[in-house]
Structures are given as C-alpha cells and as structure tokens.
Amino acid sequence: MRPFSVPVSLLRQYCFCPRIPFFYLVKDIKPVAKPWEKQGVIFHKRQCFLNARRRMTRFGLSDATMRSNQLVSSELLYLHGVCDSILFSGDSPVAIVEFKSRDVACTTPGSLIQLTAYSMILEDLYNITLRQGFFLCGERGKVHQIDITNERKEQVLLVRDSIYRDCERSLLPHSCASEFQCGQCEFINFCADR
Ligand code: SF4
C-alpha cells in the first residue's frame, strides 16, 4: 500500500481504540457527533478568545505570540492536521499548545501522541528541534509542559504505521476497549461484539 497522509487526530483516536481509524478510513463511516463534541467546540472558541488577552509569560516565553487553528502538514512524515495553537518567537515556532477542557494534567497516550506529532510536523516544516510542548487546561488555562522526547516521536510513527497496516489488512482490528470507553464511543453501533 502506498503511504497516504494520516490526520493527526486519528493517531490520538487510535490510542483510544484502534478500530476508530479503521472505521473512518476503510469503512468510510462518519458518525453523528455526540453532545460533548459541540461543548468542546465552544470551549475551544472561548480559549482562542481568552488567549488573545493572556500573557505568554505563563509559558515562560515573554516575547512569544500565539496563532490558533493552524493547518500543518508534512510530506516527509505523511501527517497533517489542525493544531489548536502554535507559539512563535518572531517567525519561528517554539512550541505547540493543545487545549484541554479538564483542569488536570492530560497525559493520556493519545494526547501525548497528538502533541508530539504536531511538534514533529513543525520540526520538518521549519527545520528546527522542539523539545517541549504545552497543554492549556481548563477554563483558566493552567499550563502543563510536556517534553517532546525521541521515544514519543518513535511512538507517533509506530501508531501511524499501525493504521497503515490495519487499512491494508481491511479486517476489523482487535480492541481492548473497556465498557466505559465503548459507552462514550460514537461507533458503538458498528461494533457487533460490544
Ligand atoms: S465501540 Fe468500543 S470497540 Fe468499538 S470502536 Fe468504539 S471503543 Fe472501539
């Protein structure tokens, strides 16, 4: 199979359940949005509004500017997506910022993969090295710094390649998703064994 560009959001969803990218890419199923997804869009817009008024010193970067909803893609990595925000120093990006609605530090594997994948795309586009990224959490925008490590970068490529493998096999992937996960999943009606 020829490699194709994978949306970064599908890397995150693969970590939640490997069947989700399969449903999107192989079965071409577009599920109906759950109510909390609309709440997420409202939260995201509000954070963009608030960030225009916030000082960037909260990231330890006094001279940085923030650009939100940035479409980024890498032909080298076969990855693309719209990241929540990029911090720039002048014209050079210094970190990815992803918004999270919960106050607590969000270190689920999917969130870490997503932050790392966007950082890798910027590294490729600007020929730079990014050693950190941030989660901006909750209504008050609490900052959590995340290291962009080589291990996490390797994980990004492993997940991307697992998605290729599942697409090539065209067989419903095995899933270890829990009852709780399936209960909040928009694909529950398409998984006959759940
Ligand atoms: S219903 Fe469960 S097994 Fe099926 S895609 Fe969703 S999380 Fe995965």
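**Aromatic contacts, pocket and cavity in a predicted model**

L172 is placed in the loop between α5 (150-169) and α6, where helices (H or I, at least four residues) and strands (E, at least two) are DSSP runs numbered from the N terminus. The model is a predicted one, in which local features need pLDDT of at least 70 and side-chain atom pairs count only at pLDDT 80 or more, while totals for chains, interfaces and linings use all residues. Residues are numbered from 1 along each chain as its sequence is written, and side-chain values use heavy atoms, with hydrogens and water left out.

With a relative accessible area of 40%, L172 is partly exposed; buried stands for under 20%, exposed for over 50%, and partly exposed for what lies in between (1.4 Å probe, protein chains only).

A pair of aromatic rings is described by the distance of the centres and the angle of the planes. Here, rings of Phe, Tyr and Trp (its six-membered ring) pair if their centres lie within 6.5 Å, and planes under 30 degrees apart count as stacked, over 60 as edge-to-face and the rest as tilted. The structure holds 8 aromatic pairs. In one of them, the ring centres of F23 and F187 are 5.0 Å apart and the planes stand at 15°, so this pair is stacked. It links distant parts of the chain, with F23 in helix α2 (residues 19-25) and F187 in the segment after α6 (179-183), 164 residues apart. Both F23 and F187 are buried, and the relative accessible area of F187 is 1%.

F187 also pairs with Y24, this time edge-to-face, at 5.3 Å centre to centre and with 80° between the planes. Since Y24 lies in helix α2 and F187 in the segment after α6, the pair ties together parts that are 163 residues apart in sequence. Y24 counts as partly exposed, at 26% relative accessibility. Ring pairs join F22, F23, Y24, F187 and F190 into a cluster.

Charged side chains meet rings as well. A charge sits over a ring if NZ of Lys or CZ of Arg is within 6 Å of the ring centre and within 35 degrees of the ring normal. R53 lies over the face of F49, at 4.0 Å from the ring centre, and R67 over the face of F88, at 3.6 Å.

Grid points are joined across faces, edges and corners, and a volume is the space filled by probe spheres set on the points.

The largest pocket has a volume of about 1600 Å³. It is lined by 35 residues, and those closest to its centre are R12, Q13, W36, E37 and K100. At least two lining residues come from each of α1 (8-16), α2, α3 (35-51), β3 (79-89), β4 (92-100) and α4 (109-126), and α3 gives the largest share, 8 residues. By class, this lining has 15 nonpolar, 11 polar and 9 charged residues; Ala, Val, Leu, Ile, Met, Phe, Trp, Tyr, Cys and Pro count as nonpolar, Asp, Glu, Lys and Arg as charged, and the others, Gly among them, as polar.

The count of cavities of 30 Å³ or more comes to 1. About 100 Å³ of space lies in the largest cavity, which has 14 lining residues, with C17, A177, C182, C185 and C191 closest to its centre. α2 and α6 are the elements that give two or more residues to this lining, and the largest share, 3 residues, comes from α2. The lining of the largest cavity divides into 10 nonpolar, 2 polar and 2 charged residues.

Helix α4 has 18 residues and reaches 26 Å from its first C-alpha to its last, close to the 26 Å expected at 1.5 Å a residue, the expected span being 1.5 Å times one less than the number of residues. α4 is mostly covered, with 14 of its 18 residues buried. Just after α4, N127 takes a positive phi of about 55° although N127 is not a glycine. N127 lies in the loop between α4 and β5 (132-137) and counts as exposed at 71% relative accessibility. N69, in strand β2 (residues 65-74), has a positive phi of about 50° and is likewise not a glycine; at 43% relative accessibility, N69 counts as partly exposed.

Definitions and conventions: On a 1 Å grid over the protein atoms alone, a cavity is a set of points where a 1.4 Å probe fits but cannot get out, and a pocket is an open set with protein on both sides within 12 Å along at least five of seven lines; lining residues have an atom within 4 Å of a point.
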